[in-house]
Amino acid sequence: MLFYTTICIRAKFVIGLHPVNKTLFLNSKQDIRELSKEDLRQFFKKIGDKEFRGNQVYEWLWTKNAHSFEEMTNISLATREQLAKYFTINHIKVDKMQRSNDGTIKNAVRLYDDLIVESVLIPTETRTTACVSSQVGCSLNCNFCATARLKRMRNLNPDEIFDQVAAINQQSLLYHQRKLSNIVFMGMGEPLMNYENVIKAIEKITSEEGLAMSPKRITVSTSGIPEKIKKMADDEVKFNLALSLHSARDEVRTKMMPFNRKWSLASIREALEYWYRKTKSRVTYEYVVWKDVNDTQKDIDALVKFCKYIPCKVNLIEYNPIDDGEYQQADDQALTAYQQALEQERITVNVRRSRGKDIDAACGQLANKS
Ligand code: SF4
C-alpha cells in the first residue's frame, strides 16, 4: 500500500516530464479521486487541454457521483479516453443488501481490493441515519464487539467513506422517499485511528460540491483516544463527538475494553474537558448496561459523577448478543435505575432500542457475516 501511494503521489507531479516515472504511472493507474480540483486543472493543462475541464470532471466525481468516465457526457470521448488511460475510479460496490423487518438496511460493501466492510441505513419516523465504517476490521479489541474479531486490514480511503454515505443516501431516497438526514461513524473500525481520512471524507460530505450535509448532522463516535480528541478540538471541527463509555470505573472498563489501560478514564476526561473548553459542544456518552458487568449502584454512581465534568447527554443502548453470548443485556430494572439516577441529576438520557437485529445490523454486530 505504501509502495502504491508513493508511486501515485509522485506521478501526480511528473506527467510528461520524466519518462521513467511516467511509465510507472501508466502501469499503476491512480484513483482519480485522490486528486484535488486544482490537481485536476493542472492535469488538463499539462496534457494541453483547458483547465476548466478539471472543474467539470471534479463535479462528475463528487457532485454527480459518477462511477465511470463514460458517464461524463459533457466531456469529449477523446478526453474521456485520456482519463481512462491515466486514472481509475475506485468506486465501492454494494455486493449485498439486506432489508430488516423494521426498514433497516445493511450493505456489504466491496472495496477495490475485494475487502468487505459493512454500512447500515437506520430509518425512524423523523430521520434516516447512515452508520458507516472507517476501517476494514478494527485494531482495538472491545470484548463485546463482533468487529473486534476481524483483524484490522487497512484504513478506508476518504472516497470509500464518502461512497458509503452516497450509496445510503440513494437507498434512503429509493426506499424511504427522503434524503439521508444524519451520519454516525459507528460502523466497523475506530474512526480516530483513521483520523486524516475521516476528516477528508467529512469535508467532502459537507461541501457544496459533495453532499452538502450539515456537520451538525454528523457524529464521530470514538472509544476514547485522548490525543485525537484534543486534535479534533484544535482543528475546530464542527461535527458532534460521541464517546463509547460503557463504564466510568477503570477496573470495569479495562475488562471490557483492554486499551483502557493505556487511555484511562482520567486521560479521556482531561481530553473531553479540553474539547468542551474549545468547542463548547456537549458530548454524547454511549453506554450499554450488561448483566453482572456494569449494573450495580456503584456503576450508576460512577457514571453520574463522570457526567458532571462537562455538559453531556447519555444514550443507554440496547445490546445485541454476539455468537458466544458472554455479554448479556441487563434487565429493564437496571436500565430504569440508570435512567432515574441520571434524570434526578438533570442529565439528558435517551434509551436507544436497537434496529436491524434480524439481519445482524444492530450496534456491535457488524462482522462481515453476510
Ligand atoms: S466497539 Fe468499535 S473500537 Fe471497539 S472493537 Fe468494535 S469497532 Fe473497534
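In helix H11 (residues 297-307), the residues Asp299, Ile300, Ala302, Leu303, Val304, Phe306 and Cys307 are buried, where buried means under 20% relative accessible area, exposed means over 50% and partly exposed lies in between, with a 1.4 Å probe and protein chains only. Helices (H or I, at least four residues) and strands (E, at least two) are DSSP runs, numbered from the N terminus. The buried residues of H11 pack against helix H9 (250-256), helix H10 (265-279), strand S12 (283-288), strand S13 (312-317) and helix H12 (332-344), a contact being heavy atoms within 4.5 Å.

This is a predicted model, in which local features need pLDDT of at least 70 and side-chain atom pairs count only at pLDDT 80 or more, while totals for chains, interfaces and linings use all residues. Residues are numbered from 1 along each chain as its sequence is written, and side-chain values use heavy atoms, with hydrogens and water left out.

**Chain and confidence**

The chain averages a pLDDT of 88, and 88% of the residues score at least 70; pLDDT is the predictor's confidence in each residue, from 0 to 100. Over residues 1-27 the pLDDT is below 50, and this stretch has 29 contacts in the model beyond near neighbours in sequence. Where pLDDT is low, the predicted coordinates should not be read in detail. The secondary structure of the chain comes to 12 helices and 14 strands, and buried residues make up 53% of its 370 residues. Of the contacts in the chain with a separation of 6 or more, 64% are accounted for by residues 24 or more positions apart.

**Aromatic rings and charges over them**

A pair of aromatic rings is described by the distance of the centres and the angle of the planes. Rings of Phe, Tyr and Trp (its six-membered ring) pair if their centres lie within 6.5 Å, and planes under 30 degrees apart count as stacked, over 60 as edge-to-face and the rest as tilted. The structure holds 14 aromatic pairs, including the one formed by Tyr58 and Trp62, whose planes stand at 50 degrees with the ring centres 6.5 Å apart, so the pair is tilted. Tyr58 and Trp62 are separated by about one helical turn because they are four residues apart in helix H4 (residues 52-63). Tyr58 is buried at a relative accessible area of 8%, and Trp62 also counts as buried, at 2%.

Phe306 and Tyr309 form an edge-to-face pair, with 5.6 Å from centre to centre and 80 degrees between the planes. Phe306 is buried, with a relative accessible area of 4%, whereas Tyr309 counts as partly exposed at 29%. One aromatic cluster is formed by Phe43, Phe44, Tyr86 and Phe87.

A charge sits over a ring if NZ of Lys or CZ of Arg is within 6 Å of the ring centre and within 35 degrees of the ring normal. The table gives two such cases.

| Charged residue | Ring | Distance to ring centre |
|---|---|---|
| Lys204 | Trp62 | 4.8 Å |
| Arg269 | Tyr309 | 3.5 Å |

The ligand is surrounded by Cys138, Leu140, Cys142, Cys145, Thr147, Ala148 and Gly189, a residue being near a molecule if one of its heavy atoms lies within 4 Å of it. The residues of this shell divide into five nonpolar, two polar and no charged, where Ala, Val, Leu, Ile, Met, Phe, Trp, Tyr, Cys and Pro count as nonpolar, Asp, Glu, Lys and Arg as charged, and the others, Gly among them, as polar.

Ser134 is found in the loop between strand S6 (128-131) and strand S7 (135-136) and is buried, with a relative accessible area of 2%. Leaving out residues up to four places away in sequence, Ser134 touches Asn155, Leu156, Ile161, Met188, Gly189, Glu190, Pro191, Asn194 and Val198.

**Loop residues**

Lys291, in the loop between S12 and H11, is partly exposed with a relative accessible area of 46%. Apart from its neighbours within four places in sequence, Lys291 is in contact with Gln328, Gln329 and Ala330; Lys291 and Glu326 are 35 residues apart in sequence and 10.0 Å apart in space, C-alpha to C-alpha.

Most residues other than glycine have a negative phi. Ala212, however, has a positive phi of about 55 degrees although it is not a glycine; Ala212 lies in the loop between helix H7 (195-206) and strand S10 (218-222) and counts as partly exposed at 40% relative accessibility. Glu236 also has a positive phi, near 55 degrees, and is found in the loop between helix H8 (226-234) and strand S11 (240-244), where Glu236 counts as exposed at 57% relative accessibility.
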